[in-house]
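Welcome! Here is a short briefing to read alongside the structure below.

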Amino acid sequence: MTSTAARRMRAAERELGRDPDSSLTEIAAAAGVARRTLYGHFAGRDALVGGLVEEAADAVLHAIGGTDVPAPDDDPAVALARFVLGLWPIGDRYGTLIAVARHRGLGPEGVSAILAPARDRLAGILARGRRAGVFHTAVPAGVLGAALEAHLLALLGCVRCGVWDDDGTDAAVAALIVAGVDADTATGAVRALRGEG
């Protein structure tokens, strides 16, 4: 994909994130092209939305390290921080993916299938951290994973709305604290990953 095409896709994605009901005309305007230009690449609105959902799902998979399995001796706190820091730059796409996929009528099962790689990675990290006594055990791992996902999406929403500015560093620290890591250890783990510790 050319850089121009990628910019147009991001603009279309932002428009759909703003309003999942956006028409093809509105999407084309947001992308800065004529509607017929989009028809040159996609058979219609559903094909464009499907392409965006697929592309965002691929970006999420790439951001979390693909299908590679993390080393079992990787510190769970560091692994969770790495997970958050990897997803943060494409966080808008993650949120848009959820909104658009749900709006396309995929339902919870369809959204879960698309997001399964990220959720599976998170579940594995949390399971290791719980066994090691690093993360909370008061709630089931699945509940903790869902809480972390909702927490991160809320933080991303704050960044999107302009009420908070973060490069992912503070979000990663917050995620570790939510998972049960004390603040000093959480900050140290994230700083080490950022090359500051």
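**Meeting the protein**

The protein exposes about 10,100 Å², and carbon and sulfur atoms supply 55% of that area (accessible areas come from the Shrake-Rupley method with a 1.4 Å probe, and for residues only the protein chains shown count as cover). This is a predicted model, where local features need pLDDT of at least 70 and side-chain atom pairs count only at pLDDT 80 or more, while totals for chains, interfaces and linings use all residues. Residues are numbered from 1 along each chain as its sequence is written, and side-chain values use heavy atoms, with hydrogens and water left out.

**Overall make-up**

- The protein has 10 helices and zero strands (DSSP runs numbered from the N terminus: H or I of at least four residues for helices, E of at least two for strands).
- Of the 197 residues, 42% are buried, meaning under 20% relative accessible area with a 1.4 Å probe, protein chains only.
- Contacts (heavy atoms within 4.5 Å) between residues at least 6 apart in sequence join residues at least 24 apart in 64% of cases.

**Helix 8 and helix 9**

- The axes of helix 8 (residues 141-161) and helix 9 (residues 169-179) come within 10 Å and cross at roughly 150°; axes are lines fitted to C-alpha atoms over the stretch in contact, with angles from 0 to 180 degrees between N-to-C directions.
- The two helices are therefore roughly antiparallel, a term for angles over 145 degrees.
- Leu144, Leu148, His151, Leu152 and Leu155 of helix 8 meet Ala171, Ala174, Ala175, Val178 and Ala179 of helix 9.
- By class, this contact has nine nonpolar, one polar and no charged residues (Ala, Val, Leu, Ile, Met, Phe, Trp, Tyr, Cys and Pro count as nonpolar, Asp, Glu, Lys and Arg as charged, and the others, Gly among them, as polar).

Note on methods
Buried means under 20% relative accessible area, exposed over 50%, partly exposed in between (1.4 Å probe, protein chains only). Angles under 35 degrees count as roughly parallel, over 145 as roughly antiparallel, 65 to 115 as roughly perpendicular and the rest as oblique.
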